[in-house]
Each structure stands twice: as C-alpha cells, then as structure tokens.
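Here is a short briefing for a first look at this structure.

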Amino acid sequence: MTHDHHDDTAASLQYDASAVSATMRTAPALIDYSPAPETARTPVSESCGLFINGTFVAPRSRRRFETINPATEERLSLIADGGAADVDAAVSAARAALRRWSRTRPEERAKYLFRLARRIQERARELAVLETMDGGKPIRESRDVDIPLVAQHFFHHAGWCDKLRYAFAGADPRPVGVCGQIIPWNFPLLMAAWKLAPALACGNTCVLKPAETTSLTALRLAEILQEIELPPGVVNIVTGAGETGRMLVEHPDVDKIAFTGSTEVGKRIAAACAGTRKRLTLELGGKSANIIFEDAAIDQAIEGIVQGIWFNQGHVCCAGSRLLVQESIADDVAVRLRHRLASLRVGDPLDKNTDVGAINSAAQLATIRRYLEIGRAEGARLEEIPGPPLPERGYWCRPCFFTDVDPSHTIAREEIFGPVLTILTFRTPSEAVERANNTPYGLAAGVWSDKGARIFDVARKLEAGVVWCNTYNQFDAASPFGGYKESGFGREGGMAGLRAYVTL
Ligand code: NAD
C-alpha cells in the first residue's frame, strides 16, 4: 500500500467517525416496550432465623431488623441480628462439625457440593427473583449472571475435592479449620458461593455473615443445605450488621477470616487479626481503570464501558469506574457514550427489559449523591442523560459520567460504588499506565486496542489483580480473582483460591 493510499484511507475513516458522532448528537428515542415483569413469585417468610447447626433458630440476642426491597421500599422480612451468644453458638457448631467433615472422604464431600450445585440450578429462578427483590439488581443480571455463576462455582469446587494433592503437588493439604466469612451486598449469593465452595471442598467448616441489606438468598441457600442433607454445623449462617461481623472476626475459636467488603473495614479487620494465629484474606474496594486506545474497536469498547460501570448499578468492586481515553478520540467516545446511555432503561428490577435497577440502599444512594455534589464542586462536568420518569418510591440514580476530570479530583480517586463514570484522558501508552496505577487500589483494569503487542505490554505494567483485554467484567470459577495494594490480598477462584483454605 502506498503512503498516499494509506492517507486516503485514514482520512475517510476519520470522516466516517465524525459523521457517526454527528448522528449521535441527538438522543435516540427509547423504544417503548410493554412491561415484561418476571412472573415467578418467591414467598418470603415474615421473619427469619439464624442457621446454626443445621437448623433455623431464633436469635439469642432477641433483636431483629428489617430488610426491604430497594425498588419499592417495602419490607420483605425481619432479619435476625446475631449477637455475641449467637456468634458463639455458630462457631461452636462449626468446631464440633469440623472433625467429622474434615475426615469425610473427599469423594463424599464432592457429592454434597455436586448436589448443592444441581439444586441451585433447579431453584435458579426462585433464587434470581429473591436476589433481585432484596438487592435491587435487574432480574436479567441475577438470572443470567449471578445464579449461573453460583452453580458453576459449586460445580467447579466439587471437582477439586479429591484432587487437592494434585493442586499442591508433593504436599499433604489439610483444612485450616473453622472459617469466618463476611460478605458484602453487591453480589450476595455469588459472594457466599465464592467463600463457601473452596472452604468446603478443602474440608473446612464455615460461619458465614451476609451483608445486612441482603441476607435473604444466603438464608434460602441454608434451606438448600438442609435439602441436600449437609451434615449439621458444616455451614452456619449468622445474619446481622457490622457489629456481628466484628464479633465473628474477634472470636478466639475461628481459624481463618475471609472478608470481602470495603477497604476501610478491611483495614480494621487486618488490625484485629494482627498478632493472633488467625489466617486472613481480604477482597476490598477498587477504582479500576478502563483504558481505551485510539485504535480500539470503538463500538465494542463502548459496550465494554457500559458493562464495566453500569452493570449492577455500578455496585461492582472491580467496576471500570475510571475511564482513561486516548485524547484523540475522547470527544467521540463521550458522544457515543451519551447516545448509548440514553438507551439504557432504568427502573423496575423485576422487569426483564430493565438495564439498570435500584440502588441497594438509601445510605448508598446518599453516598452516590454526595460524590455527585463533590464532583461538581471540584470543577468536573457532570453529564446527566434525561429519561422517562423514575418510580416514585425506591432508590434510583440514572447512569451518568463526569468529563473535565482532573486526576486529583475526589471522584477520580475514591470509590463511588454507583453508576457514575469519571472520564480522564491520556496521550501516550506510558501516560495511560502511569495514570491507571496512580491509585491506592489495584483490583482490576481493562485495555482496549487493536494491537496485541500493545495490550500485552500495557497489561504487564498495570498493578491490578485482573486485566481484561478487549472485554470487561468476565468471571469464571476457574479464574483467580483478587487485588493488589489496598484492594486486598489472597485470591478467590481456581486453584489459587484453594490455597487460602489449606495448610500444607
Ligand atoms: P462493608 O465493608 O461496609 O461491609 C462488608 C461486610 O462487612 C458486611 O457484611 C458488613 O456487615 C461487614 N462489616 C462491617 N463492619 C464490620 C466490622 N467492623 N467487622 C467485621 N465485619 C464488618 O462493605 P459494603 O458496603 O457491604 O460493600 C461494598 C464494598 O465491598 C466496596 O468497597 C466494594 O468494592 C467491596 N467489594 C469487594 C469485592 C472484591 O472481591 N474485592 C467484591 C465485592 C465488594
């Protein structure tokens, strides 16, 4: 190809791109679908107990709190608020069950996990509806992402039970003991699966504490554990808020703590475990960079950005919440994003057409709004995309993004944990890497480019536990997940994730 010819092609590509942008300057009309509500109904009992030693029991604390549907603000149930005596009973049950479970033949342990995975598949619809009602995420996500991954995680780990000697060649892997596991509200059942599956596969027993706003699917899982006749005490579920979690962390008879949640709480837990014999893994917050080079397949990248930040209302630890765009295409990307955002449906999470559901809680909505204010006050430009009216009740935030962002702005540094994207620009690959790594976090990153060599070069230099290339937010039970720096330590998933649950 001659230079002249090459230049002509480049010029015509440039022309096409701006023409596309021009047509996108007007927002598309939102297609007026009829409502497509999920019809399955999931009964929820008025009040829930704690799951200790294979049965549901009333909390010895005698305290309960409400769990509500964030899309309607209606009460779904009363949840037990586990106190010191409850945590103690759960830990004792796990300790008593440990001897037998750890000596159960691995092939037998595998059967329980296989049974559990199959039963989750059979009850998938019910679990998806419950997850959406309690957490606010769109039914499409709980149905197509969360619950299938939950089943996959148990299937995957069922396969490991009798192969641990191959995973740790030359060693004699033994269980760690009683595991205290504390999880957040953004992927309630999936986080429970990430914690329980490897622990059980390796012969440990567990005390799981779900997040206070999303306890229902973990408790439904307890019913399934009864159905599959998992021996009593192998898994115990103690609901409650941060104080219940703290009591579990500080309980002297717990051998290992696995925590997923905010960096702030993670640091407190690390301090509490320091100087004790407890083992600890932490999966914490993030402010992940999604890097778009000018040679990227731009429409594909736009979908990746949408998937990276507006999936699950941005309640994703590894959300691509910092978009780094090469300067030459920044305006084009902003125009296309605005256009794409206008086509996202915000509203009833139980409607199968909904793309963006409810914010998980009033407190989280207040946090997001505070960041929107801070962003504006510090001089960034907020791009809000109007849409049809939102439901009168419930907690809602339309997806939006900030341009004119400086790396020193609060919204470019702190985790917002909502559907708010901050867009920064860069000129060269090295500037992209420098900006991406300029954060105390290091959970994930995305790189979009047409050039394989550039992708591998940049990916190698990024300080992030996971780097997605020309895609974003892909998960698999066989693939380890975890952070660098203040995003935590330890891995979950795959062979690497087993390491936290064995002593060698
Ligand atoms: P959070 O830290 O407030 O709460 C997480 C869990 O810890 C809840 O169950 C809570 O009750 C419990 N908890 C609170 N205080 C505690 C204490 N002092 N001791 C023990 N337990 C305590 O976090 P959140 O708001 O529920 O979740 C959002 C955070 O979780 C975000 O920062 C997100 O990035 C992070 N997250 C990380 C991952 C990951 O894999 N790295 C996955 C999901 C969420």
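Angles under 35 degrees count as roughly parallel, over 145 as roughly antiparallel, 65 to 115 as roughly perpendicular, and the rest as oblique. Helix 11 and helix 12 (residues 330–341) cross at roughly 60 degrees, so the two are oblique to each other. The model is predicted. The chain is assigned domain 1 (47–284 + 487–503) and domain 2 (286–469).

**Domains**

- The centres of domain 1 and domain 2, taken over C-alpha atoms, are 30 Å apart.
- Domain 1 puts 27 residues into the contact, and domain 2 puts in 30 residues.

**Nonpolar cores**

- The largest nonpolar core has 106 residues. Which of them touch the most other members? They are Ile120, Phe154, Ile305, Trp310 and Leu337.
- Helix 7 (residues 188–201) gives the most to this core, with eleven residues.
- At least three residues of this core come from each of domain 1 and domain 2.
- Another core lies apart from it and has 31 residues, including Ala289, Ile359, Leu424 and Ala464.
- In soluble globular proteins, nonpolar side chains tend to be buried together.

**Helix 11 with helix 12**

- The axes of helix 11 and helix 12 come within 10 Å.
- The crossing of helix 11 and helix 12 is right-handed.
- Helix 11 brings Ile298, Asp299, Ile302, Glu303, Ile305 and Val306 to the contact. Helix 12 answers with Val333, Arg336, Leu337 and Arg340.
- Ile305 and Leu337, which take part in this contact, are among the residues that touch the most other members of the largest core.

**Helix 3 with helix 5**

- Helix 3 (residues 106–122) packs on helix 5 (residues 139–160) at an angle of about 165 degrees. Their axes are 8 Å apart.
- Because angles over 145 count as roughly antiparallel, helix 3 is roughly antiparallel to helix 5.
- The crossing of helix 3 and helix 5 is left-handed.
- From helix 3, the contact uses Ala110, Leu113, Phe114, Leu116, Ala117, Arg118, Ile120 and Gln121.
- From helix 5, the contact uses Ile147, Val150, Ala151, Phe154, Phe155, His157, Ala158 and Gly159.

**Helix 3 with helix 8**

- Helix 3 and helix 8 (residues 216–227) have axes that come within 10 Å. They cross at roughly 125 degrees.
- That angle makes helix 3 oblique to helix 8.
- The crossing of helix 3 and helix 8 is right-handed.
- Leu116, Arg119 and Ile120 of helix 3 make the contact with Leu221, Ile224, Leu225 and Glu227 of helix 8.

- Ile120 sits in helix 3. Is Ile120 buried or exposed? Ile120 has a relative accessible area of 0%. Buried means under 20%, so Ile120 is buried.
- Setting aside neighbours within four places in sequence, Ile120 is in contact with Leu127, Ile147, Val150, Ala151, Phe154, Leu221 and Ile224.
- Ile120 and Asn473 are 353 residues apart along the chain, and their C-alpha atoms are separated by 23 Å.
- With neighbours within four places again left out, Phe154 is in contact with Leu113, Leu116, Ala117, Ile120, Ala193, Leu196 and Ala197.

**Arg143**

- Arg143 is in helix 5.
- Its relative accessibility is 34%, so Arg143 counts as partly exposed.
- Arg143 touches Ala128, Pro148 and Lys352, not counting residues up to four places away in sequence.
- Arg143 and Ala124 are 19 residues apart in sequence. How far apart are they in space, C-alpha to C-alpha? The distance is 7.3 Å.

**Positive phi values**

- Most residues other than glycine have a negative phi.
- Asn312 has a positive phi, near 55 degrees. Asn312 is in the loop between helix 11 (298–309) and strand 12 (322–326).
- Asn312 is buried, because its relative accessible area is 2%.
- Lys485 has a positive phi too, near 45 degrees. Lys485 lies in the loop between strand 17 (466–469) and strand 18 (488–489).
- Lys485 has 39% relative accessibility, so Lys485 counts as partly exposed.

Conventions
Residues numbered from 1 in each chain as written. Predicted model: local features only at pLDDT ≥ 70, side-chain atom pairs only at ≥ 80, totals over all residues. Heavy atoms only, no water. Core = buried A, V, L, I, M, F, W, Y, C linked by side-chain atoms within 4.5 Å. Buried < 20%, exposed > 50% of the residue type's maximum accessible area, 1.4 Å probe, protein only. Helix = DSSP H or I, 4+ residues; strand = E, 2+ residues; numbered from the N terminus. Domains from an automatic or database assignment. Contact = heavy atoms within 4.5 Å. Axes fitted to C-alpha atoms, helices over the stretch in contact; angles between N-to-C directions. Left-handed = near helix turned anticlockwise from the far one by under 90°.
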